[in-house]
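Hi,

Here is the structure I promised to pass on. Please have a look at it first, and then read my notes below.

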Amino acid sequence: MASVLSYESLVHAVAGAVGSVTAMTVFFPLDTARLRLQVDEKRKSKTTHMVLLEIIKEEGLLAPYRGWFPVISSLCCSNFVYFYTFNSLKAVWVKGQRSTTGKDLVVGFVAGVVNVLLTTPLWVVNTRLKLQGAKFRNEDIVPTNYKGIIDAFHQIIRDEGILALWNGTFPSLLLVFNPAIQFMFYEGLKRQLLKKRMKLSSLDVFIIGAIAKAIATTVTYPMQTVQSILRFGRHRLNPENRTLGSLRNVLYLLHQRVRRFGIMGLYKGLEAKLLQTVLTAALMFLVYEKLTAATFTVMRLKSAGKH
């Protein structure tokens with residue numbers, strides 16, 4: 001229990017949250033392009049820079065940063081929960097021994113499930129706020145009119161019921177493999193590099209963070225597309241397919257996507273997603289590693305000063 005409620009877990013959680021917020025802010029426009037490509041199926045532009053140019057031209061210079069605050073709030077909470085759970089569980093299970101790739105994958109998976117169940121309502125709200133006021137090519141999308149995060153929660157619960165806040169939970173639970181795969185590769189690559197050298201450079205951390213995220217994103221991308229559509233929840237879907245991102249709903253959306261756009265339709269927006277997530281993850285890990293190292297150094301100096 002002490003290792004679950006330790007300062008170390010808290011430092012990892014805060015550093016992970018700060019790292020993700022910093023990285024997401026820098027690369028936020030890429031995420032905006034990715035979301036439009038996933039949700040607005042009728043959009044002709046295929047490349048990231050063309051979509052961003054269209055958004056700026058039609059909706060204004062700041063449009064790529066629309067919904068920044070709710071996304072950052074959700075990301076901050078989400079990464080705090082994930083890093084805290086991951087490092088607490090690892091401390092309890094590993095207990096000072098060397099961790100293994102298998103243990104990293106299991107711990108990453110459990111941390112991901114906890115994270116999804118606690119933070120999905122925040123992601124549903126921020127997906128809708130981010131797309132509010134967007135000029136869609138798809139007429140099947142019903143527009144929204146939320147005044148902010150609290151009003152969005154209120155309107156969704158009032159009009160769609162409280163379970164609508166967990167739309168996309170099923171694909172999200174499948175997607176916990178994404179951070180689990182990412183952390184497994186990240187920790188594994190880190191262990192391999194540390195066998196050859198005493199300390200990792202900033203470039204090492206950036207590169208292994210990028211490689212780990214690229215692998216995880218490519219493997220799980222079709223499910224991320226379904227997750228975005230379900231979280232947005234404004235498509236006029238068949239009534240029997242409306243339930244909480246059930247398996248039927250997921251399969252229906254995957255089938256529709258393949259039927260209309262071919263197998264590559266499942267990877268629409270992958271270029272923007274890879275560009276955004278790989279750079280974001282790499283920068284996040286870099287900030288996270290530097291922040292934890294600096295904090296633990298200060299904590300050690302303080303505790304040494306007391307003796």
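A residue counts as buried when its relative accessible area is under 20%. Ile 181 has a relative accessibility of 14%, so Ile 181 is buried. Please keep in mind that this is a predicted model.

Ile 181 sits in helix 8, which covers residues 177-196. Leaving aside residues up to four places away in sequence, Ile 181 touches Leu 105, Ile 215, Ala 216 and Val 219. Thr 220 is 39 residues from Ile 181 in sequence, and their C-alpha atoms are 9.7 Å apart in space.

Next, the helix packing. Helix 5 (residues 101-131) and helix 9 (residues 202-232) have axes that come within 8 Å and cross at roughly 80°. Angles of 65 to 115 degrees count as roughly perpendicular, so helix 5 is roughly perpendicular to helix 9. On the helix 5 side, the contact is made by Trp 123, Val 124, Thr 127, Arg 128 and Leu 131, while helix 9 brings Ser 228, Arg 231 and Phe 232. By type, the residues of this contact between helix 5 and helix 9 are four nonpolar, two polar and two charged.

The structure holds 13 aromatic pairs. One of them joins Phe 83 and Tyr 288: the ring centres are 4.6 Å apart and the planes stand at 50°, so this pair is tilted. Phe 83 belongs to helix 4 (residues 68-94) and Tyr 288 to helix 11 (residues 270-306), so the pair links distant parts of the chain, 205 residues apart. Both Phe 83 and Tyr 288 are buried.

Another aromatic pair, Tyr 221 with Tyr 267, is stacked, at 6.1 Å centre to centre and with 20° between the planes. Tyr 221 lies in helix 9 and Tyr 267 in the loop between helix 10 (247-261) and helix 11, so the pair ties together parts that are 46 residues apart in sequence.

Finally, Lys 103 lies over the face of Trp 93, at 5.5 Å from the ring centre.

Best wishes

Methods
Residues are numbered from 1 along each chain as its sequence is written. This is a predicted model: local features need pLDDT of at least 70, side-chain atom pairs count only at pLDDT 80 or more; totals for chains, interfaces and linings use all residues. Side-chain values use heavy atoms; hydrogens and water are left out. Axes are lines fitted to C-alpha atoms, for helices over the stretch in contact, and angles run from 0 to 180 degrees between N-to-C directions. Helices (H or I, at least four residues) and strands (E, at least two) are DSSP runs, numbered from the N terminus. Angles under 35 degrees count as roughly parallel, over 145 as roughly antiparallel, 65 to 115 as roughly perpendicular and the rest as oblique. Contact means heavy atoms within 4.5 Å. Ala, Val, Leu, Ile, Met, Phe, Trp, Tyr, Cys and Pro count as nonpolar, Asp, Glu, Lys and Arg as charged, and the others, Gly among them, as polar. Rings of Phe, Tyr and Trp (its six-membered ring) pair if their centres lie within 6.5 Å; planes under 30 degrees apart count as stacked, over 60 as edge-to-face and the rest as tilted. Buried means under 20% relative accessible area, exposed over 50%, partly exposed in between (1.4 Å probe, protein chains only). A charge sits over a ring if NZ of Lys or CZ of Arg is within 6 Å of the ring centre and within 35 degrees of the ring normal.
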